[in-house]
Amino acid sequence: MYRNKTCGELRLEDKGKEVTIAGWVQKNRKMGGMNFLDLRDRYGVTQVVFNSSENPDLFHDANSLGREYVMQISGKVEERENKNKNIPTGDIEIIADSLKILNKSEVPPFTIEDNSDGGDDLRMKYRYLDLRRPGVRKNLELRHKMAFEIRRYLDSKGFLEIETPILVKSTPEGARDFVVPSRMNPGEFYALPQSPQLFKQLLMVSGFDRYFQIAKCFRDEDLRADRQPEFTQIDCEMSFVQQEDVIDMFEGLVKHIFKYVKNIDFTEPFPRLTWKEAMEKYGSDKPDIRFGMEFVEITDLAKGKGFSVVDDAEIVVGITVPGAANYTRKQIDELTEFVKRPQVGAKGLIWVKIEADGSVKSSVGKFYTEDQLKEWAHKMGAKPGDMMLIMTGEAMKTRKQLNELRLEMGNRLGLRDKNVFAPLWVIDFPLFEWDEETQRYYAMHHPFTSPNPDDIPKLRTDTGNVRATAYDIVVNGNELGGGSIRIHDPELQNEMFSLLGFTPEKAKEQFGFLMDAFRYGAPPHGGLALGFDRFVSILAGLDSIRDVIAFPKNNSGRDVMNESPSPLDPEQLVELNLEIKTPSKDK
């Protein structure tokens with residue numbers, strides 16, 4: 001072997017031992033007649049000392065070693081005179097008596113340290129170097145440990161891990177599919193699965209009543225910090241269950257992982273909000289409840305005073321920001337510009353300050369008396385020293401805009417601490433959402449989600465107000481996962497397809513194999529999928545799932561390291577019976 005100890009395991013009790021370590025040169029420092037070299041591997045860093053007076057030839061050789069050289073070094077472990085309390089091996093050093101260069105390295109394009117001087121694009125291009133950085137390595141170690149513990153926990157609950165196909169049939173409902181041409185079946189295509197949804201339902205029909213899989217999923221959608229074209233989810237399904245059974249099972253899993261990783265005990269049940277409550281209080285179906293600032297509607301108090309911005313609005317709604325009455329006009333202008341950004345899309349912002357002496361200052365004093373504004377303050381719970389921020393417009397759109405402002409204020413006031421975790425369940429989602437462009441309903445989750453049993457009579461008469469038996473688990477404003485009780489009755493499933501605009505022929509073409517399976521006795525079933533990448537990133541205190549994926553794509557869906565996607569050779573196109581049509585410039 002090239003080593004008998006790693007660079008992270010030696011301690012003071014190893015003093016006097018002859019050891020051999022191997023790794024990469026992190027730093028090489030010459031100080032007078034001494035040379036101090038930091039050698040790094042996956043496990044840590046060890047300082048190695050070369051002394052010119054004791055071994056001048058070895059000292060000379062050590063001086064020539066560059067960063068990221070791959071080395072094998074032998075020597076004796078000694079107590080370090082100037083100890084480094086920042087690393088576990090900081091009490092010892094190795095007095096070298098031999099070295100061997102296993103491989104030389106060019107000067108790396110950025111420093112292999114936590115605080116690297118490389119930008120995102122550069123580090124992604126050389127991702128194999130970026131993965132040497134301790135922080136990135138720790139993220140992947142956390143991912144590994146969580147995967148093993150999740151498997152162990154679900155195994156203890158009677159779940160079987162079963163793999164499902166990666167080459168499947170395209171089902172255009174929902175996000176776009178990635179498609180794969182079939183050489184053996186010219187003109188036909190596989191799709192990469194957006195999730196194992198249909199197959200896990202088939203496993204329930206097959207009698208495997210508790211299934212899970214840490215599954216790769218693929219969606220051809222626009223990217224952002226918490227999205228990748230390929231991602232991993234903890235996919236689960238259970239038979240003979242109702243909503244409460246699924247929630248209890250996976251709340252238990254989430255609590256277990258928080259205890260395992262963070263030593264945080266959630267002893268009480270996670271709070272629950274209906275979708276309607278979440279939208280009314282927070283303007284989001286994934287609210288961050290680490291802090292307050294719940295929405296308060298003041299439409300009845302504000303209208304009818306001759307202010308057209310308010311009088312013409314469907315809703316007037318605001319938040320109370322504690323202790324913000326000392327905000328300067330410049331700071332308020334910054335907030336106004338924030339809500340006008342295209343990402344938020346508001347036209348403006350109304351502000352009202354309650355000064356320490358109880359007097360009122362506002363941007364709408366021309367239209368409202370101080371007493372009227374104090375009525376707002378009373379309803380919104382604003383006290384001396386607080387500031388109210390208020391928005392107007394169409395109800396749903398305005399609430400979503402106010403949600404962005406609420407989160408921004410949470411950031412500015414330091415209320416979104418990454419070391420504080422606030423999970424909750426959001427339940428009773430709408431079963432359908434209306435699309436103005438196509439003038440039809442779409443499934444908010446997917447076509448197999450069961451309606452709330454109480455709302456089944458309203459499927460045809462009050463379609464937009466039918467609730468789904470669906471649930472999301474949310475942590476710190478991130479949707480950690482979601483699921484639903486599935487439709488297991490063929491007649492109800494056909495009704496669902498009809499409401500979504502499927503002809504019987506189209507439904508059979510896309511989902512015929514599932515419907516055929518239901519003819520042979522489908523049990524009541526439901527499940528949930530947790531975003532594994534997202535779960536790891538939340539517990540690691542990261543903003544992006546990209547940092548917990550070994551080889552991620554950038555925001556354009558490109559791997560800048562291996563330069564994919566890339567064109568196919570003409571010979572491959574012929575073999576696949578494909579012809580590339582160049583897009584017109586106006587598209």
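Predicted model: local features only at pLDDT ≥ 70, side-chain atom pairs only at ≥ 80, totals over all residues.
Two strands count as paired if DSSP finds at least two bridges between them. I needed that before looking up V70: in β5, its bridge partner is N103.

**Entry 1: the barrel**

I started with the strands around that bridge. β4 (70-79) and strand β5 (residues 92-103) run antiparallel, with 10 bridges joining them. On to β1 (residues 18-31): this strand also pairs with β4 in the antiparallel sense, over 7 bridges. I picked out one spot there, where T20 stands opposite S74 in β4. A reminder from class: strands of a sheet pair through backbone hydrogen bonds, either parallel or antiparallel.

What do the 5 strands build together? They make a closed barrel that runs β1-β2-β3-β5-β4, and the pairing is mixed. On average, neighbouring strands of this sheet are turned by 55° against each other, ignoring direction. I also checked β2 (residues 34-41) and β3 (residues 44-51), which pair in the antiparallel sense over 8 bridges. Within that pairing, R40 has V45 in β3 as its bridge partner. Helix α1 packs on the sheet and touches β1, β2, β3 and β5. The direction of α1 makes about 65° with that of β5.

**Entry 2: Y69**

Next I looked up Y69, which sits in the loop between α1 (56-63) and β4. Is Y69 buried or exposed? Its relative accessibility is 13%, and the cut-off for buried is under 20%, so Y69 counts as buried. I then listed what Y69 contacts, leaving aside neighbours within four places in sequence: G23, W24, V25, S64, I101, N103, K104 and S105. N103 was already in my notes as the bridge partner of V70.

**Entry 3: helix α11**

Which residues of α11 (residues 370-380) are buried? I found L373, W376, A377 and M380. They cover an arc of only 100° around the axis, so they lie on the same side of α11. The face turned away from that buried side carries D371 and H378, which are exposed. I looked up what covers the buried residues too, and the cover includes α8 (299-302) along with strands β12 (296-297), β13 (315-321), β14 (350-354), β15 (360-362) and β16 (387-393). After α11 comes G381, with a positive phi near 70°.

**Entry 4: cores and rings**

I finished with the nonpolar cores. The largest has 41 residues, and L154, F250 and F535 have the most contacts inside it. Helix α6 (residues 243-262) gives the largest share of this core, 8 residues. Apart from it lies another core of 33 residues, with V466, F497, F502 and F511 among them.

I went back to F535 for its contacts. Not counting residues up to four places away in sequence, F535 touches M146, I234, V254, I257, F258 and L480. F535 also belongs to a cluster linked by ring pairs, along with F258, F266, F270 and F421.

How many aromatic pairs does the structure hold? I have 17 written down. F497 and F502 form one that is tilted, at 5.4 Å centre to centre with 55° between the planes. Both of these residues, F497 and F502, are buried.

Notes. Residues numbered from 1 in each chain as written. Heavy atoms only, no water. Buried < 20%, exposed > 50% of the residue type's maximum accessible area, 1.4 Å probe, protein only. Helix = DSSP H or I, 4+ residues; strand = E, 2+ residues; numbered from the N terminus. Arc of directions from axis to C-beta. Contact = heavy atoms within 4.5 Å. Core = buried A, V, L, I, M, F, W, Y, C linked by side-chain atoms within 4.5 Å. Axes fitted to C-alpha atoms, helices over the stretch in contact; angles between N-to-C directions. Phe/Tyr/Trp six-rings, centres within 6.5 Å; stacked < 30°, edge-to-face > 60°.
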